[in-house]
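Morning, everyone. Please have a look at the model on the screen, and I will walk you through its side chains.

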Amino acid sequence: IVVQTQFMEFDHIQVQNTGTGSGNNSGIHDGGGEGGQYLKVTNSILRGSTSTGTSRGIYCRPDVANASCIVANNIVYGWTGANSTCYALNGAGYSSGELIIAYNNTCHGAQLGYETHGGGTGDSQYFINNIAQSNAGGGYSLDAAAPHGTSVTTTNLSEDTSSPHVSLRSKVVVFVNEVAGSENLHLDTSDTSAKNAGTDLSADAQLAFSNDIDND
């Protein structure tokens, strides 16, 4: 899905990309002038099934001032191509005053989990309750220079050592089924890393909610 309007919200959708081209095999692509003012993706599942080229589950690259990228309660997996990412949020220095919110997301079985690049003056990024597991190139690559303003990171897990929180690194999350092609990325009842370990967002100042992707 290539977004070509300035304001767009996606909620409760499922996307599978089977493209095998050399690049831009994305699930939702909003960047490079196509849109860029406001993108919100919630309660959705985006699956990549290609190992060719650059691909992204959700690609949000605002190129206008004071733009917003909001992703919450999403499961993104299988984006395995070289330089591929589950959540690629915020282009490198395209504009100022950008807002990035990433809450309660899962990335599994990709090349890279969550990625931001250096933004403009006054940018803000909020990363809370995200899970990164089985990503060959790392779970998080959050550019320390990106916000040039506010940066909030809380309870983000990684199976490797890339989590911004030392205590939440090298955490193995147990899912119901991780077998490629038949994944069920609900938390298993036996999980002790992520289950009941998140931050309460019901009164969050940026994006308050208390339901998960199943509306529970």
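**Rings, core and disulfides**

Let's start with Arg 56: its charged end sits over the ring of Tyr 59, 4.0 Å from the ring centre.

A word on the source. This is a predicted model, so local features need pLDDT of at least 70 and side-chain atom pairs count only at pLDDT 80 or more, while totals for chains, interfaces and linings use all residues. Residues are numbered from 1 along each chain as its sequence is written, and side-chain values use heavy atoms, with hydrogens and water left out.

Now ring against ring. How many aromatic pairs does a search of the whole structure find? It finds 4. Rings of Phe, Tyr and Trp (its six-membered ring) pair if their centres lie within 6.5 Å; planes under 30 degrees apart are stacked, over 60 edge-to-face, and the rest tilted.

Take Tyr 114 and Phe 127. Their ring centres are 6.4 Å apart and their planes stand at 90°, so this pair is edge-to-face. Tyr 114 is in strand β12 (residues 112-116) and Phe 127 is in strand β13 (residues 124-128), 13 residues apart, so the pair links distant parts of the chain. Strands (E, at least two residues) and helices (H or I, at least four) are DSSP runs, numbered from the N terminus.

Tyr 114 has another partner, Tyr 140. Here the centres are 4.9 Å apart and the planes at 10°, so the pair is stacked. Tyr 140 belongs to strand β15 (residues 140-142), 26 residues from Tyr 114.

Are these two tyrosines, Tyr 114 and Tyr 140, buried or exposed? Tyr 114 is buried, with a relative accessible area of 0%. Tyr 140 is buried too, at 8%. Buried means under 20% relative accessible area, exposed over 50%, and partly exposed in between (1.4 Å probe, protein chains only).

Next, the core. The largest nonpolar core has 24 residues. Such a core is a set of buried Ala, Val, Leu, Ile, Met, Phe, Trp, Tyr and Cys residues joined through side-chain atoms within 4.5 Å. Which residues have the most contacts inside it? Leu 39, Ile 58, Tyr 87 and Leu 89. Strand β9 (85-89) gives the largest share, 3 residues.

Look at Leu 89. Leaving out residues up to four places away in sequence, Leu 89 touches several others, among them Cys 60, Val 71, Ile 100 and Phe 127. Contact means heavy atoms within 4.5 Å.

Cys 60 brings us to the disulfides. A disulfide is a pair of cysteine sulfur atoms within 2.5 Å, and the count comes to 2.

Cys 60 and Cys 69 form one, with sulfur atoms 1.9 Å apart. The torsion about its S-S bond is about -75°, so this disulfide is left-handed. Cys 60 is buried at 2%, and Cys 69 is buried at 1%.

Cys 86 and Cys 107 form a disulfide as well, their sulfur atoms 2.1 Å apart. With 70° about the S-S bond, this link is right-handed. Cys 86 lies in strand β9 and Cys 107 in strand β11 (residues 106-108), so the pair ties together parts 21 residues apart in sequence. Number the bonded cysteines in sequence order, and the pairing reads 1-2, 3-4.

Notes:
Lys NZ or Arg CZ within 6 Å of the ring centre and 35° of its normal.
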